[in-house]
Each structure stands twice: as C-alpha cells, then as structure tokens.
Amino acid sequence: MSGSDNPYNGSFGNQMTATTSFGATPAPAAAAAAGSYITDTTTANFGKDVIEESRKQPVLVDFWAPWCGPCKQLTPVLEKVVNEAKGRVRLVKMNIDDHPSIAGQLGIQSIPAVIAFVNGRPADGFMGAVPESQIQQFIDRIAGPAGADEAAEIEAVLTEASELLAAGNINEAAQLYAAVMQADPENAKAIAGMAECMIAANQHERARETLADLPEELAKDAGIQAVLKKLEQIEEARKLGDPVALERDLAANPDDHEARLKLAKILNVEGRRDEAAEHLLLIMRKDRAFDDDGARRQLLQFFEVWGFKDPATISARRKLSAMLFS
C-alpha cells in the first residue's frame, strides 16, 4: 500500500492533504547555506560552533592540517559519511596550524583526530584515516542507529492520532495516520488507525477495502485483526433488528437471553461498551448454559476488539473474574 493509492484520500471533503517529514533534523544556517552539514571553525567560534551546537545534536570535530597526508585521506570519506547521515551529526573542521590551542587543551598529539562532542562535552573519538565502515559505526554509536529518530517520531505521531480519534477528531487523526503511511506504507498501526477513522465516519466498505490484499505478515497483525473483527461485529449487528424492540421484549421477559445477546451486540457497535458488557454478564449470572456459555465467549470477543487497556475491558474483566472465581 502506498500514499498514492491510499483509499482514504478524498474523504471528509478533501482534507487529507497533510504531509510530514519524519526523522529530518533542521540544519543550522551555515550548513544550510553550504548545502551540507559541514563547517569550519576558529578558536574564537569554537564555543558557539561546537559546545553550544552539541547541546542540540552530536558534533564531530575534525582536527587536521594542510601538510597531513592521512588527513587528506580521511577528509573525503568523513565528509561523505556525515552528509549521508543527513543531520544526525554535524562536522566542524579545525585547522590546528591556524588554531592550535583547542587541540592542545584536549591533549591531541597526532592528527587526523576526530572528537565527538555531546551535550557540551567530549564523548568519544578516533585517530587516523579509518575506513568508511568504522566512521559509520562511530556515528551510530554517538547518534544512535540510522532511523531511530524517525521511528520515535512516527510512534509519537501514532499516539497523538490515537488520542485524537478517541476524542472524536476523525479528520485530524486521519491526517496523521495518512502522514505515517506516506513515510512507512506498511505501518500496521497506521493502517489499522486509518480503517478505524473510516469506521468512525460510517465508511465501513472503504475500511474493509483498506484492509484487503495486505501482505500476509501484515494482515496477521493483531491490531489489523481487531479492526476486521470489529467490522464483522458491525455487519452482524445490522442484521439483529431494532434495539428499541429488543429492549421492549426484555422488559416483558427479562429471561429472553437471545434478545439480550442481540442487544449487547448492537450496543457494542454503538460504542456503549459498558452497557453491552453488563447485558452479557447478566446472562452469565442467570444461565451459564445458554448457547453453550455463549455470553462469555461473546464478551471475550469484545475484549479482543476493545483492547486489553480499554476501561470497558478492565471493568468487565474484573467483574467476570469475580463471577468465575468467587
């Protein structure tokens, strides 16, 4: 599934226009002007270029000199790896012939020497013209593996989208889910969340289309399976009749367990989870043999869809445990 064939595009009055760039670190003005993440510094500017900047992101300082042969070997490889890191680290170059005092304070006795500064302090370093693979490993050690920031940002966006959906802000939640799907087309949480938005907007067929033809492993995801079960419950509830008529039947005959089970299913799809659970628990209290303990089985299916942490699940599970084990 890709952003271009996202079946949600165009829903809710063409409000699905949001795009988000994940994992991008804004470059400082000097680096942006140079088109890279690399600058030169002086003794006077070292505090600003290195110490202050390293409080925002890791800064590598390359101590070099024009006469140094190994420096000439290291420089193109180091600059290549830093630029490919796309802002995970900054590289600041210091010519020790022109500015020897900082290197002397750090005890650097041979060059090339690369020192990583993090939160205003030297954190790690290496000396010599090391291979590209070692430089990449060094940056991963200092800044974290590539993609770690993006993954954390995506997770934060998914959390915000879930909270928006729970609060009834369908459009805003859908925009965030769509943005994640652009960055990560096979993100199971985003796909399931998008389908939940469609369900909330009564676009049940589009929700089912969104979950159709997914790769096998993705289709097995617990969140996606829960949304599919929710769709099945909605479709089943549509066939169960008028809830007002069912309530009337129960008023006349409180032991009409079939009517009560149907009403519980309807209340569930209407979002009245606590009421749905109470009806099923009442059936269990009166007749565990009804439908071969069907009320308990139905309640467990509700739990699967509601999720382990849902307040309705927690409350009903507590009452169920008290009933079964008291």
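A residue is termed buried when its relative accessible area is under 20%, exposed when that area is over 50%, and partly exposed in between, as computed with a 1.4 Å probe on protein chains only. Helices (H or I, at least four residues) and strands (E, at least two) are DSSP runs numbered from the N terminus. The structure is a predicted model, in which local features need pLDDT of at least 70 and side-chain atom pairs count only at pLDDT 80 or more, whereas totals for chains, interfaces and linings use all residues. Residues are numbered from 1 along each chain as its sequence is written, and side-chain values use heavy atoms, with hydrogens and water left out.

The protein contains 17 helices and five strands. Of its 326 residues, 43% are buried. Contact denotes heavy atoms within 4.5 Å. Among contacts between residues at least 6 apart in sequence, 65% join residues at least 24 apart.

Helix α8 (residues 170–183) comprises 14 residues. From first C-alpha to last, α8 reaches 20 Å, close to the 20 Å expected at 1.5 Å a residue, the expected span being 1.5 Å times one less than the number of residues. The buried residues of α8 are I170, A173, A174, L176, Y177, A178, A179, V180 and M181. In an α-helix there are 3.6 residues a turn, so residues three or four places apart point the same way.

The strands are described next. Two strands are taken to pair if DSSP finds at least two bridges between them. An open sheet of five strands is arranged in the order β1-β3-β2-β4-β5, with mixed pairing. Strands β1 and β5 (121–127) stand at the edges with a single partner strand each, so one side of each lacks a neighbour in the sheet. Neighbouring strands of this sheet are turned against each other by 25° on average, direction ignored; axes are lines fitted to C-alpha atoms, for helices over the stretch in contact, and angles between N-to-C directions run from 0 to 180 degrees.

Strand β2 (residues 59–64) has five of its six residues buried and is therefore largely enclosed by the rest of the structure. Strands β2 and β3 (residues 90–95) run parallel and are joined by six bridges, with R90 of β3 as the bridge partner of V59. Helix α4 lies across β1, β2, β3, β4 and β5, and runs at about 165° to β2.

Strand β2 is also joined to β4 (residues 113–118), by five bridges in an antiparallel arrangement. In this pairing, V114 of β4 is the bridge partner of D62, and A113 stands opposite F63. Five of the six residues of β4 are buried, so β4 is largely enclosed by the rest of the structure. Six bridges pair β4 with β5 in the antiparallel sense, A116 having D124 of β5 as its bridge partner. The two strands form a hairpin with two residues between them, and N119 in the turn has a positive phi of about 55°. Helix α6 (residues 132–143) lies across β2, β4 and β5, running at about 165° to β5.

Residues up to four places away in sequence not being counted, V92 touches T39, D40, T41, D49, V50, V59, L60, V61 and D62.

T41 is placed in the loop between β1 (38–40) and α3 (46–52), and its relative accessibility of 6% means that T41 counts as buried. Apart from neighbours within four places in sequence, T41 is in contact with F46, D49, V92, K93, M94 and H99. The side chains of T41 and D49 make a polar contact at 2.7 Å, a polar contact being a pair of N or O atoms within 3.5 Å; within protein, one must be able to donate a hydrogen and the other to accept it, and residues adjacent in sequence count only if both atoms are side-chain atoms.
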